[in-house]
Amino acid sequence: MSIELGGEACGVFGVFGSPSAAELTYFGLHALQHRGQESAGIVTSDGRVLHSRKGMGEIGDVFPRSEELGDLPGHMAIGHTRYSTTGASSVANIQPLIITFRGEQLAVGHNGNLTNSVSLKKFLEKGGAIFQTTSDSELFLHLVARSERQTWIDMICEALPQTEGAYSALFIHKDGIIVARDPQGFRPLALGTLGDAHVVASETCAFDIIGATYHRDVEPGEVLCIDADGVRSYGPHKETRPAFCIFEFIYFARPDSKIFGENTDKVRRRLGHQLAIEQPVEADMIISVPDSSNTAALGYSEQSGIRFEIGLIRNHYVGRTFIAPEQKIRDLDVRLKFNPVRGVLEGRRVCVVDDSIVRGTTSKKLVTMIYEAGAKEVHLRISSPPIISPCYYGIDMPTPDELIASSKQVEEIRSYLGVDSLGYLSLEGMLSMNSLPDTSFCTACFSGRYPTEIESRENGKMIFEVEPTESS
Ligand code: AMP
């Protein structure tokens, strides 16, 4: 039978050199909760053995109280918060994944998707490997275990170049942590300090919550060994052109984070400015779809001179609707999550700025709600280009036939959504809104141009021809 290969759109956090390692990781993961709400885990080392706690749900479900982390002793820790991009949402796939071999323990937490995982898994299984999960992150552990080298850092540096695709990965062993970012740097990864301790995180907002200082990004292709001897940098890869995920700026990262050397907030505001220039509107007000499009909507309002209003109220006690696996539930979630403010919208020409249209289901329901609340006209402006291709690098995207813009032109989408007008930002406009060269980014979801080879696509999914090993 064929099963989907699970990738990870996640948050990772690590710390070395603090007596409060588990607690810092707990708080760091809280700041990264937006990157995944499906499961969470922390692994610590007390210098002799690894300790772990993992579970399904949000950080608060798995770790209800910060003062009850006594089962996670030690001066170093890694943590992970996950949602599966294509694979099973199961207990077996909760990260960090831990193995014991040659009498030693190693754990890994990974954000990203490996794009040669199908052939790697086939190759490893031929050699006798037995997989315990359907997560591509397990491949790291098998590749490390095959290395004949003597130290963890050497084994990891031998394993990583055999993989392709996206990873910001943290490893922990009894004596330290090892941090790795893929050579194209698809996913963000930041390095900082807190007193004498070293910290790493998917986004800098995780440093703010614990009072850590951002030092620099982990470079694409860089591997850092952090232990009692300090921080050492390794470069086991051939130099490659970067492929930073532009969608992190559009939607995924928090606006208060600095990623790829830029403040997400600043980039998002500029996206809104540019959208107002490219796609002007005649309207009485600009509203956002909270929270993800707040900053771009402010930018649009600043540039257009049309006032910004709060027209939709978000219920913060419901998770991101997109993540719900069943279509039926997702539709219900939109109503659970957003409610229009009738007094603001009634009788007005409303311009809604959103960051992206994926399937179109959320947008359609929102638009209906806004009309039902009495809006005279609804205009939709999107601070990114049409999404035409799935992501194979760690952002949850549906298959091509579910992506509304993969088969419909803008006018058809406008008519499906039932809005008075619809305007998207151009690819060139989007890329010009940050200070890095255009060629530094992966734009595959908007352009269909993938920076690595993608194997075994079947209707937009990567497929394994094996029996599933986990009960999901
Ligand atoms: P829809 O109208 O169903 O296409 O949903 C679009 C909404 O989903 C936008 O408001 C985005 O903020 C949000 N969104 C975009 N990409 C993702 C993603 N990968 N995961 C969760 N939500 C997303």
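**Backbone features, ligand shell and cavities of the predicted model**

P96 is located in the loop that joins β5 (76–84) to β6 (97–101), where helices (H or I, at least four residues) and strands (E, at least two) are DSSP runs numbered from the N terminus. The structure is a predicted model, in which local features need pLDDT of at least 70 and side-chain atom pairs count only at pLDDT 80 or more, whereas totals for chains, interfaces and linings use all residues. Residues are numbered from 1 along each chain as its sequence is written, and side-chain values use heavy atoms, with hydrogens and water left out.

The peptide bond leading from Q95 into P96 is cis, with omega near 0°. A cis peptide bond, again with omega near 0°, connects P290 to D291; D291 belongs to the loop between β18 (285–288) and α9 (294–304). Most residues other than glycine have a negative phi, and most peptide bonds are trans.

At the level of the chain, the division is into domain 1 (2–242) and domain 2 (263–437), with bounds from an automatic or database domain assignment. The centres of domain 1 and domain 2, taken over C-alpha atoms, are 33 Å apart.

An N or O atom in the side chain of S363 is 2.6 Å from an oxygen atom of the ligand. For G360, a polar backbone atom lies 2.7 Å from a ligand oxygen, and for T361 a polar side-chain atom lies 2.9 Å from a ligand oxygen. Of the 500 Å² of accessible area that the ligand has on its own, the protein covers 96% (Shrake-Rupley method, 1.4 Å probe).

Three cavities of 30 Å³ or more were found in a search of the whole structure. A cavity is a set of points, on a 1 Å grid over the protein atoms alone, where a 1.4 Å probe fits but cannot get out, and its lining residues have an atom within 4 Å of a point. The largest cavity has a volume of about 70 Å³, the volume being the space filled by probe spheres set on the points. Its lining includes F186, R187, F247, Y393 and C445, and divides into 11 nonpolar residues, no polar residues and one charged residue.

How values were computed:
A polar contact is a pair of N or O atoms within 3.5 Å; within protein, one must be able to donate a hydrogen and the other to accept it, and residues adjacent in sequence count only if both atoms are side-chain atoms. On a 1 Å grid over the protein atoms alone, a cavity is a set of points where a 1.4 Å probe fits but cannot get out, and a pocket is an open set with protein on both sides within 12 Å along at least five of seven lines; lining residues have an atom within 4 Å of a point. Ala, Val, Leu, Ile, Met, Phe, Trp, Tyr, Cys and Pro count as nonpolar, Asp, Glu, Lys and Arg as charged, and the others, Gly among them, as polar.
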